[in-house]
Structure formats: C-alpha cells, structure tokens
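Colleague: I have this one open now. Can we go through the ligand site and then whatever else stands out?

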Amino acid sequence: MPKPKVLGIVLAGGEGKRLWPLTADRAKPAVPFGGNFRLVDFVLSNMVNAGYFRICVLTQYKSHSLDRHITQTWRMSTMAGNYVTPVPAQQRLGPRWYTGSADAILQSLNLVYDEKPDYLVVFGADHVYRMDPAQMVADHIDSGADTTVAGIRVPRREATAFGVIKTAADGRHIAEFMEKPADPPAVPDDPDVAYASMGNYVFSTGALIEALKIDAADEASVHDMGGNIIPYFVNKGTANVYDFARNKVPGATDRDRGYWRDVGTLDAFMDAHMDLISVEPIFNLYNHDWPILSYPAPFPPAKFVEDGTARDSMIGTGTIISGATVTRSVIAEDVHVNTGSRVEGSVIMPGVRIGRNAVVRHSILDKNVIVPDGAKVGVDVELDSDLYTVSPGGITVVGKGVTIGK
Ligand code: ADQ
C-alpha cells in the first residue's frame, strides 16, 4: 500500500494561564522544560520520529519566542519539500483573531489546500510524552472513521480538566464525549479511573473540512476542537478512540511506557521534572531510539569546582557549580551556582545566577533570574515582584529576569 499523505498540525496558540508567570512573556508551548527542551519539542519529536516531515505549528498568543525556537531549532532539510513552520494568526477570514482551536484550523485551511494530505494529524503542544503517531494513523485508516481520538486512562478526580470518552461495547467506537465534565464518568472496570482524550486527533481531510465549515456557521459554537468538533463527529457516529496503551515506542522501558503528562499547572510542571531525575526515571530522556530533539546549546560541558556537588539531578551544559550543593533538581544550561549555596528540589532555567550562601528550595526560577548572595527563595520568604507566585502545592515560582530582593 502506498504511504498515506499526512500533514501534521500542532495547536500551539493557547495562553496557558495556569502556568503564569512562566507564560507571562511566552506561549505555553515555548515554556522551557527538562533543562534544554521546550514543551513543543515533545510533540514535534513524536511527529518527526514517525517520519512526518511536513508540519504546521499554529500560533497566536505571545508567539515570538515559540516562533524563534521553531525556525531555529526545527529547520528541516527542504530537499524533499520538508518543513516545520510556525504559522501566525493572519486574519484570513476577516478582522479577528482565532476564537478557538477549531477556528485556528479553519483560518489555516489554505495550508491544507496547498498540501492536499489524505489525513491530518492534529496534536496539542502542551504535553510531555512519547508516542508514535503513525500507529494511530494506521488504526484510523483501518477503522474507516472520520476522526480518531487518542485516549488514556487517568485518575477520575483529574478528568474534570479533560474531554472524557465513553466507548461503545466494541471498546473502539466513541458513544459519548463530554468536554471537561464536572463529574466525570468512570470506566466500567474501575470506579476511580476515567478515559480521557489526550487532545490528539487524526482526521480524514475531507471530513474535517466539512465539519469546520458546519461549525463556523453555528452561532452557538465556541469553535473548539474538544468542545465542538469532536462532539460533532460523535453525534454523527464516525468517531473512534485509539488507546494510547497500545502505542509501542522503540526503546521504551517498562517504567516509562505509557507515560503522558499534561503540565498545565505549576505543580504538574514541577512533578513532571521530578519524574526525570530518579535513578530509573519515570520518564526516560535517554532513549536514543525515539529521541526528544532540541537545539544543542553552544556551551562547554558542565563544570564542578571547589567541592561543588550535584546529587539526583540533571545539569545542563555550560553550568558551573562552584562550592555549592545541588540535590533533586533540574538545572538548565548556562547557570552559575556559587560557594555555600544550596539548591534543593528545584527547576532552574537557562542563564540563572545564584550568588554565595543562598538557598533555593522547592522553586522554579525562570530564565535569567538573579539570586543575590545570602538570598532565600522558597523558604517562607515573600518576594515583592509582579512575576512571583506560590502554587497551591507550595512551589515558589519566579518569572523571567527578576532580581530577587529588588
Ligand atoms: P485544553 O488543553 O484545555 O483541552 P485548549 O485550551 O483548547 O484545550 O488547548 C488545546 C491545544 O490547542 C493546546 O495545545 C493549545 O495550545 C492549543 N490552542 C488553544 N487555543 C488555541 C488557538 N486559539 N489557536 C491555536 N491553538 C490553540 C484539550 C481538549 C480536551 C483534552 C485535553 C488534553 O479540548 O478534550 O482532554 O486537551 O490535554
């Protein structure tokens, strides 16, 4: 059978309010994650590892750093017509921004008309996971559905933040779809588990174009993929689910197979970082058979001097730990931690400077934060800054470029 023609569309226009202040100056998919990645690198790596080399990333909210990251890091060889391109909102259908994720695709249909794909792989940009989308496309083609939604079992109490799926007796056909229900229904075999949509969809191209046009004419619609388009196909009886548990990614360990995290809140963002650093990581960034790709920072290797140590941690290139102690932390590239300082259970982003005898505990420090000598962060000390918050789980978060104490 000839290889199906697939266009990847990444929805990357969301604001990510719950990650503030990390999203004060950038779109959520551009938020740095895991030392030297940005969130969007996970979905793009999944598509590229699957052999999908034509990808449009639809952006809108504060898109500059996302746009720069994609154009610099995801430059494809154009030899075979390959591209990963950021597509800003262009007001092609009149003087308005995108009203929702379905409107983002409707306003970008020119890309689909140019490419003429058989299938559209429409994925969100906000998750940390490995997945081979080609296996989902094969399942979609095999079933003959108009749309296939990736589904995953999650704790029922968390499912209020997701689209929730009820399947028909065959386990494949979606009988009911509820977007963010207040009281999510449980799966038949476990009262504490719900079957959630991962916000990743495969569409037969013609069927999606028709659905988007019908949705555009519906004045009651908010033009949202999960809220309107998927329910449309469910009502039509042509939506199937693809169980993420069936996805087999090369090189996955028993421990990290099936890992998927929505890092939509500061506490989830911190937890997902802690999943990276155990001896046998819950999410393994060292799987070279399905690499998470990004830009290699142009720095020398990390350096430890003057008895500086790091334990149960990941340390980025160009970082210098001088006479300081780092434990259970993810430290990005080009960070300096100086004599007598302690960093514990924290996520430190590129360019941060931590002076002498400082303490940083249970904190997330965004890029270029300056922690002066003797300062304490995350230790019962309030900061006077517009770019500062403490999460419900007690994580102190300091926004980009803040000098502590100023
Ligand atoms: P949410 O993540 O809450 O739920 P949404 O805010 O629409 O839905 O974000 C989905 C994706 O679309 C994100 O990657 C976001 O960046 C992007 N996006 C949002 N608005 C956009 C716009 N105007 N233009 C372009 N891109 C936009 C969704 C589904 C749920 C599912 C969860 C899984 O609606 O059914 O369970 O994802 O996390």
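Modeller: Start with the backbone: a polar backbone atom of Leu11 is 2.7 Å from an oxygen atom of the ligand. Keep in mind that this is a predicted model.

Colleague: Which side chain has a polar atom 2.9 Å from an oxygen atom of the ligand?

Modeller: That is His127. Glu179 also takes part, with an N or O atom of its side chain 2.6 Å from a ligand oxygen.

Colleague: How much of the ligand does the protein bury?

Modeller: The protein buries 84% of the 710 Å² that the ligand exposes when taken alone.

Colleague: And what kind of space does the ligand take?

Modeller: The ligand takes the space of the largest pocket.

Colleague: Which residues come nearest to the ligand?

Modeller: Of the 25 residues around the ligand, the nearest are Leu11, Gly163, Glu179, Lys180 and Ser197.

Colleague: Which helices and strands supply at least two residues of the shell each?

Modeller: Helix H3 (101–106), strand S10 (174–179) and strand S11 (193–204) do. S11 gives the largest share, with 4 residues.

Colleague: Change of topic. In what order do the strands of the 6-stranded open sheet run?

Modeller: The order is S16-S19-S22-S25-S29-S28, and the pairing is mixed.

Colleague: Why is one side of S16 and of S28 left without a neighbour in the sheet?

Modeller: Strand S16 (314–315) and strand S28 (388–390) stand at the edges and have a single partner strand each, so one side of each has no neighbour in the sheet.

Colleague: What about S25 and S29, parallel or antiparallel?

Modeller: Strand S25 (residues 363–365) and strand S29 (residues 396–398) pair in the parallel sense, over 3 bridges.

Colleague: Now the backbone geometry. Is the peptide bond from Trp20 to Pro21 cis or trans?

Modeller: The Trp20 to Pro21 bond is cis, with omega near 10°. Pro21 lies in the loop between strand S1 (6–11) and strand S2 (32–33). In general, most peptide bonds are trans.

Colleague: And Lys62, is its phi positive or negative?

Modeller: Lys62 has a positive phi, near 30°, and is a residue other than glycine. Most residues other than glycine have a negative phi.

Colleague: Where is Lys62 placed?

Modeller: Lys62 is in the loop between strand S4 (54–58) and helix H2 (64–73).

Conventions: Residues are numbered from 1 along each chain as its sequence is written. This is a predicted model: local features need pLDDT of at least 70, side-chain atom pairs count only at pLDDT 80 or more; totals for chains, interfaces and linings use all residues. Side-chain values use heavy atoms; hydrogens and water are left out. A residue is near a molecule or strand if one of its heavy atoms lies within 4 Å of it. A polar contact is a pair of N or O atoms within 3.5 Å; within protein, one must be able to donate a hydrogen and the other to accept it, and residues adjacent in sequence count only if both atoms are side-chain atoms. Accessible areas come from the Shrake-Rupley method with a 1.4 Å probe; for residues, only the protein chains shown count as cover. On a 1 Å grid over the protein atoms alone, a cavity is a set of points where a 1.4 Å probe fits but cannot get out, and a pocket is an open set with protein on both sides within 12 Å along at least five of seven lines; lining residues have an atom within 4 Å of a point. A molecule sits in a cavity or pocket if more than half of its atoms lie within 2 Å of its grid points. Two strands pair if DSSP finds at least two bridges between them.
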